[in-house]
Amino acid sequence: MALAPISAQSFNDKADNIVGEYLTDRGGSKSKVRVTKNSDGTYNAQVFWVEKPLDAEGKKRKDVKNPNKQLRNVDIDKVVVMEGLKYDAKDKQWGDTKIYDPSKGIRVKVTAEFESAKKLKLRGTILGIGTTLYWEKIK
């Protein structure tokens with residue numbers, strides 16, 4: 001008996017499907033991000049590994065471009081990139097928050113939805129201009 005293929009949409013059916021670990025590759029800069037669920041039902045995403053954690057002097061890289069000066073001393077492999085991400089059951093996607101790009105020091109509106117079991121599509125927009133990123137679910 002053959003099994004019917006599971007549609008990408010089915011991975012968007014449950015809010016907690018987003019919880020897990022992801023590999024990201026932004027312009028050749030690889031990192032791993034962990035998405036966790038908060039007690040209020042929202043989700044956070046935090047970097048827990050970067051391919052190149054050290055600067056040219058051999059020191060741990062910091063989040064030096066963060067617009068919040070109090071966070072500029074956070075190790076680059078501990079940066080929180082999303083807080084308070086919410087699931088929209090009607091649209092079957094996550095959003096209603098901003099994603100932070102430590103390479104540019106900016107936050108932009110974000111929506112997220114699975115294209116497949118292992119491919120999370122994140123669409124970031126600012127002033128109507130957008131870009132799409134893909135995170136590969138590894139755990």
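Strand S2, residues 29–37, is joined to S3 by seven bridges, and the two run antiparallel. A word on terms. Strands here are DSSP runs of E, at least two residues long, and they are numbered from the N terminus. Two strands pair if DSSP finds at least two bridges between them.

Before going on, the ground rules. This is a predicted model, with residues numbered from 1 along each chain as its sequence is written. Local features need pLDDT of at least 70, side-chain atom pairs count only at pLDDT 80 or more, totals for chains, interfaces and linings use all residues, and side-chain values use heavy atoms, with hydrogens and water left out.

How confident is the predictor? pLDDT is its confidence in each residue, from 0 to 100. The protein chain averages 91, and 94% of the residues score at least 70. Now look at residues 1–5. There pLDDT stays under 50. Contact means heavy atoms within 4.5 Å.

Back to S2 and S3. Find Lys32: Trp49 in S3 stands opposite. The hairpin of these strands has five residues between them.

Next, S3 and S4. They pair over three bridges, in the antiparallel sense. Tyr43 has Leu85 as its bridge partner in S4.

Jump to the other end of the strand list. S7 covers residues 119–126, and S8 covers residues 129–137. Eight bridges join them, again antiparallel. Gly124 faces Thr131 in S8.

Now put the strands together. In what order do the eight strands close into a barrel? The order is S1-S2-S3-S4-S5-S6-S7-S8, with antiparallel pairing. From one strand to the next, the twist averages 35 degrees. Those angles use axes, which are lines fitted to C-alpha atoms; angles run from 0 to 180 degrees between N-to-C directions. As a general point, strands of a sheet pair through backbone hydrogen bonds, either parallel or antiparallel.

Let's zoom in on Tyr100. It is found in strand S5, residues 93–101. Is Tyr100 buried or exposed? Buried, because its relative accessible area is 4%. The cut-offs: buried is under 20%, exposed is over 50%, and partly exposed is in between, with a 1.4 Å probe and protein chains only.

What surrounds Tyr100? Leave aside neighbours within four places in sequence. Its contacts then include Asp63, Pro67, Val81 and Ile106. The C-alpha atoms of Tyr100 and Val81 are 4.7 Å apart, yet the two are 19 residues apart along the chain.

Tyr100 has polar partners too. Its side chain makes a polar contact of 2.7 Å with the side chain of Asp63. A polar atom of that Tyr100 side chain also lies 3.4 Å from the backbone nitrogen of Asn66. A polar contact is a pair of N or O atoms within 3.5 Å. Within protein, one atom must be able to donate a hydrogen and the other to accept it. Residues adjacent in sequence count only if both are side-chain atoms.

Last stop: charges. The structure holds 10 salt bridges. A salt bridge is a side-chain nitrogen of Lys or Arg within 4 Å of a carboxyl oxygen of Asp or Glu.

Take Asp75. It sits in the loop between strand S3 (43–50) and strand S4 (80–88). Asp75 counts as buried because its relative accessible area is 18%. Beyond four places in sequence, its contacts are Lys60, Arg61 and Lys62. With Lys62 there is a side-chain polar contact of 2.4 Å. With Lys78 there is a salt bridge, 4.0 Å from N to O.

Lys78 is partly exposed, at 44% relative accessible area. It also forms a salt bridge with Asp77, where the closest N and O atoms are 3.8 Å apart. Asp77 is buried, at 12% relative accessibility.

One more pair: Lys119 and Glu115 meet in a salt bridge, 4.0 Å from N to O. Lys119 is partly exposed at 35% relative accessibility, and Glu115 is partly exposed at 35% too. Elsewhere, salt bridges that share partners join Lys60, Lys62, Asp75, Asp77 and Lys78 into one network.

That's the tour. Thank you.

Conventions
Helices (H or I, at least four residues) and strands (E, at least two) are DSSP runs, numbered from the N terminus. pLDDT is the predictor's confidence in each residue, from 0 to 100.
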